[in-house]
Amino acid sequence: MADKVAFELVSPEKLLFSGEVDMVVLPASEGDMGVMPGHAPVIATIRPGTICIFNGNSVEKRLFVAGGFVEVTEERCTVLADTATPVEDIDLGAAQTLVKDLGEDVSHAKTEEEKAKAEANLVVAQAKLQAVETPAYR
Amino acid sequence: MASLKDLKTRISSVQSTRRITSAMKMVAAAKLKRAQEAAEAARPFAERMERMLGSLAAGVTGDGAPKLLAGTGDDQTHLLVVVTSDRGLCGGFNGSITRAVKRRIEALTSQGKTVKVIAIGRKGVAVMRREYRDKLVASYEELMKPAPAFEQADEVVAKIVSMFEAGEFDVCTLYYNKFISALTQEVTPLQLIPFSNVGSDDKGDEGEVSESGAAYEFEPNEEEILEALLPKNLSVQVFRSMLESFASEQGARMTAMDNATRNAGDMINSLSITYNRARQAQITKELIEIISGAEAL
């Protein structure tokens, strides 16, 4: 058995990451999921959060995803993300303002539809902010 | 015959036309390169999406299949999505696609089917609005500015899905220019709903089987994933066709402008020949006048 996972992260625009890694921790919709070589085949949805790529005992790279899908087999792990950004590229100030603005949008929303949309955006923005402020596995 | 001055103005105006067309050609060539790269960069996502959907779709058969996958089982109302460009001056690019769509609309209406149209791109919107005002249900202009983005494809798909859920159509087909090379584009119909790839991925009823032979687990569950994945797949398809169409547009414009530049060059040549002849004729005429004047003395 291979002792590495072939991990790929693709967004509609481009291939963001492709390489052999020791472990990936994914924010699956029903809880975080660590993928190591030999993982049982799974297809799962992803909630907004941070993907941590481990090489050795430390996190090599953190990437924020706004949602998507993951397909895991014994040898590889493929994430189809809606949008993905390396955490170090996120601007803390901009993320904070975004959360604040969207919070206002939610309270000002007139229709149910608008409210649901604003709330969904808010969840993504909050996850983004969290990704910068309190990174996991430090 | 045109006077010398007229010829001169004519030549200089054709010269400036040539300068513009050759500049446009170069701009299109630069954009083409970028558009082509974007289309290639989007490929991995679409491929993996297909693979994932294939392994999912094979497992869901029969009545349990979502309507987006299986269709309504009817084909009375057709929705045509037409992807064109926002700007002109790109040869037969928009003409060929609107012609194909018109043919399709005529064919469908003569069979007694109902047709609805969504137009993307200003040029297509104009034609469809003029000819099929009653059939046009939505139009998007300047969607691909400065370049196609996934959110924009999502916007179109959201509209399509909400119409489908409201039962406003049964079959959805997308028409776009497929990029073959910088010189050739091909009008391609792509059926979006029902999902047309199902047949090829049907591996039997044993459940989905990965390459290693093990069945997939699903989290949260198969139906929910499929429900989320199918609209996403539509967005990917639309996004892909937008990218292809954008690359085709640049290719078509490059070719058209290249031809225009060449034609302008030819025209300048023939005009300068005429101009030189006329000038020579005038000089000869003046010489003759002087000589005959001198002889008369």
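Predicted model: local features only at pLDDT ≥ 70, side-chain atom pairs only at ≥ 80, totals over all residues.
Residues are numbered from 1 along each chain as its sequence is written, chains are lettered from A and ligands numbered from 1 in the order in which they are written, and side-chain values use heavy atoms, with hydrogens and water left out.

**Figure 1. The interface of chain B with chain A.** Contact (heavy atoms within 4.5 Å) joins 28 residues of chain B to 30 residues of chain A. The size of an interface is often given as the accessible area lost when the parts come together. The buried area (accessible area, 1.4 Å probe, that two parts lose on being put together, summed over both) is about 2,400 Å² for chain B and chain A, with 62% of it on carbon and sulfur atoms. Of the area that chain B buries against chain A, 28% is supplied by Phe45(B), Met52(B) and Glu219(B), more than by any other three residues.

**Figure 2. Polar pairs and secondary structure between the chains.** Four residue pairs, both members at pLDDT 80 or more, are in polar contact between chain B and chain A. A polar contact is a pair of N or O atoms within 3.5 Å; within protein, one must be able to donate a hydrogen and the other to accept it, and residues adjacent in sequence count only if both atoms are side-chain atoms. Helices (H or I, at least four residues) and strands (E, at least two) are DSSP runs, numbered from the N terminus. On the side of chain B that touches chain A, two or more residues come from each of helix H2 (43-57), helix H6 (150-165), strand S6 (217-219) and helix H7 (222-296) of chain B. H2(B) gives the largest share of that side, eight residues. The residues of this side of chain B comprise 18 nonpolar, three polar and seven charged. In this grouping, Ala, Val, Leu, Ile, Met, Phe, Trp, Tyr, Cys and Pro count as nonpolar, Asp, Glu, Lys and Arg as charged, and the others, Gly among them, as polar.

**Figure 3. Salt bridges between the chains.** A salt bridge is a side-chain nitrogen of Lys or Arg within 4 Å of a carboxyl oxygen of Asp or Glu. The whole structure holds 13 salt bridges over all chains, and the count between chain B and chain A is two. In one of these pairs, the closest N and O atoms of Lys232(B) and Asp82(A) are 3.1 Å apart. Glu8(A) and Arg48(B) also form a salt bridge, with their closest N and O atoms 2.6 Å apart. This pair runs from strand S1 (residues 5-10) of chain A, which holds Glu8(A), to helix H2 of chain B, which holds Arg48(B).

Figure 4. Strand S5 (residues 42-46) of chain A pairs with S6(B) in the parallel sense over three bridges; strands pair if DSSP finds at least two bridges between them. Within S6(B), Glu217(B) stands opposite Val42(A).

**Figure 5. The two domains of chain A.** Domain 1 (5-87) and domain 2 (90-133) divide chain A, the bounds coming from an automatic or database domain assignment. Their centres, taken over C-alpha atoms, are separated by 24 Å. Eight residues of domain 1 of chain A are in contact with seven residues of domain 2 of chain A. The buried area is about 570 Å², of which 75% is given by carbon and sulfur atoms. Pro48(A), Phe64(A) and Val87(A) lose the most area in domain 1 of chain A, together 73% of what that side buries. Between these domains there are zero salt bridges and one residue pair in polar contact, both at pLDDT 80 or more. Strand S6 (49-55) and strand S10 (84-86) of chain A each supply at least two residues of the domain 1 side.

**Figure 6. The two domains of chain B.** Chain B is assigned domain 1 (4-25 + 257-291) and domain 2 (27-199 + 215-253), whose C-alpha centres lie 48 Å apart. Four residues of domain 1 of chain B are in contact with five residues of domain 2 of chain B. Together these domains bury about 410 Å², 53% of it on carbon and sulfur atoms. Met24(B), Lys25(B) and Met257(B) supply 89% of the area that domain 1 of chain B buries there, more than any other three residues.
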